[in-house]
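Trainee: I would like a close look at a single part of this model. Please take me through it step by step.

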Amino acid sequence: MITVSSADEMFNLGFRLSAQLKRGDLILVNGPLGAGKTVLVQGIGSGLGITDVTSPTFVIARVHKAALPLIHVDVYRLMDTDNPHLYLDDLDLDTENSLTVIEWGGAESARLNEDRLEITIDRSDEIRKVDIKAVGKRWSGFSI
């Protein structure tokens, strides 16, 4: 469990995480509204040389071109649909050649890769608690 007490610390956590990422990686980021999910992704983007990361809430997905391309997806608006994984498939994401980060990513998103990081942000008080669960062989021995 990692504690984060400011937006700058959340950004820096993402920045540190970016050093370990490569093409084909999947990261699922969950937490309530205002938890810092997008700030975390902004830190990841910054570590990849991407400066224009914003929330894709209304467009669902943004593709950021870089040496390691970043696909930033927000499935919040898809969660109430009858079959959210079909909508995710319709996005036709190039997850093999990019880093894919999905906000609000649940089971429908987890099926995209058996190797992934599942990040949960708890903001039940001023100090956020960030839990990073490494899933699959790719992340064996992961630490940050």
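Trainee: Which residue lies over the face of Trp139, and at what distance from the ring centre?

Mentor: Arg138 does, at 3.9 Å from the ring centre of Trp139. Keep in mind that the model is predicted. Now look at Trp139 itself. Its relative accessible area is 3%, so Trp139 is buried, given that buried means under 20%. Phe142 has a relative accessible area of 18%. That is also under the 20% cut-off, so Phe142 is buried too. These two residues form an aromatic pair. The structure holds 1 such pair. The ring centres of Trp139 and Phe142 are 5.5 Å apart. Their planes stand at 90°, so the pair is edge-to-face.

Next, the nonpolar cores. The largest has 25 residues, and Ile27, Leu99 and Ile119 touch the most other members. Helices H1 (7-18) and H2 (37-47) each supply at least two residues of this core. So do strands S2 (26-30), S5 (99-103), S6 (116-122) and S7 (128-135). Take Ile27. Leaving aside neighbours within four places in sequence, Ile27 is in contact with residues including Leu17, Leu21, Ile44, Leu99, Leu117 and Ile119. Another core, of 9 residues, lies apart from the largest one. Among its members are Ile71, Val73, Val75 and Trp104. In soluble globular proteins, nonpolar side chains tend to be buried together.

Last, Ala61. This residue lies in strand S3 (residues 61-64). Ala61 counts as partly exposed, at 24% relative accessibility. Ala61 and His72 are 11 residues apart in sequence. In space, their C-alpha atoms are 5.6 Å apart.

Note on methods
Residues numbered from 1 in each chain as written. Predicted model: local features only at pLDDT ≥ 70, side-chain atom pairs only at ≥ 80, totals over all residues. Heavy atoms only, no water. Helix = DSSP H or I, 4+ residues; strand = E, 2+ residues; numbered from the N terminus. Buried < 20%, exposed > 50% of the residue type's maximum accessible area, 1.4 Å probe, protein only. Core = buried A, V, L, I, M, F, W, Y, C linked by side-chain atoms within 4.5 Å. Contact = heavy atoms within 4.5 Å. Phe/Tyr/Trp six-rings, centres within 6.5 Å; stacked < 30°, edge-to-face > 60°. Lys NZ or Arg CZ within 6 Å of the ring centre and 35° of its normal.
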